[in-house]
Amino acid sequence: MIVALVGEVSVVKERLDTHERLAAQGKVATAEEIENYAPDEDVEDEREAWRAAMLDRVFRIISATRDMDESKSV
């Protein structure tokens, strides 16, 4: 469930980022413009870094919780 939610948040974040980038170019962010937006390599790198950081934060919490549970059972 958590992974599914993280995936959905990631999609929303990318669409918002696209919206902001289109607005910065003076374009109206219609559904068609958003769907047709092709990020360049720098944008893809920024997005990948954001996704990796988000996954690190989410899974660090899950890992910490699991580690705490394991230490309690010892």
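Is Glu46 buried, partly exposed or exposed? Keep that in mind as you click around; this tour will come back to it. One thing to know before you start: the model in your viewer is predicted.

**Stop 1: Thr18**

Select Thr18, which sits in helix H1, the stretch covering residues 2-24. With a relative accessible area of 4%, Thr18 is buried, because anything under 20% gets that label. Now show what surrounds Thr18. Apart from neighbours within four places in sequence, Thr18 is in contact with Ile34, Tyr37 and Arg47.

**Stop 2: Glu35**

Next, pick Glu35 in helix H2, made of residues 31-36. Glu35 and Thr18 are 17 residues apart along the chain, and their C-alpha atoms are separated by 9.2 Å. Glu35 counts as exposed, since its relative accessibility is 54% and the cut-off is over 50%. Show the side chains of Glu35 and Arg15 too: a polar contact of 2.6 Å joins them.

**Stop 3: a nonpolar patch**

Which helix gives the largest share of the patch? That's H3, with three residues. H1 and H3 (41-73) each supply at least two. Zoom in on Val3, a residue of helix H1: this one counts as exposed, at 54% relative accessibility.

**Stop 4: Glu14 and its two arginines**

Now for the charged side chains. The model has seven salt bridges. Select Glu14 and Arg47, which form one of them, with their closest N and O atoms 3.9 Å apart. This pair links distant parts of the chain: Glu14 is in helix H1 and Arg47 in helix H3, 33 residues apart. Glu14 is partly exposed, at 26%, whereas Arg47 is buried, at 9%.

Arg51 is buried, with a relative accessible area of 18%.

**Stop 5: Arg21 and Glu46**

Arg21 lies in H1 and Glu46 in H3, so the pair ties together parts 25 residues apart in sequence. And the opening question? Glu46 counts as partly exposed, at 48% relative accessibility.

To finish, highlight Glu14, Asp17, Arg21, Glu46, Arg47, Glu48 and Arg51 together: salt bridges with shared partners join them into one network.

Terms used: Residues are numbered from 1 along each chain as its sequence is written. This is a predicted model: local features need pLDDT of at least 70, side-chain atom pairs count only at pLDDT 80 or more; totals for chains, interfaces and linings use all residues. Side-chain values use heavy atoms; hydrogens and water are left out. Helices (H or I, at least four residues) and strands (E, at least two) are DSSP runs, numbered from the N terminus. Buried means under 20% relative accessible area, exposed over 50%, partly exposed in between (1.4 Å probe, protein chains only). Contact means heavy atoms within 4.5 Å. A polar contact is a pair of N or O atoms within 3.5 Å; within protein, one must be able to donate a hydrogen and the other to accept it, and residues adjacent in sequence count only if both atoms are side-chain atoms. A salt bridge is a side-chain nitrogen of Lys or Arg within 4 Å of a carboxyl oxygen of Asp or Glu.
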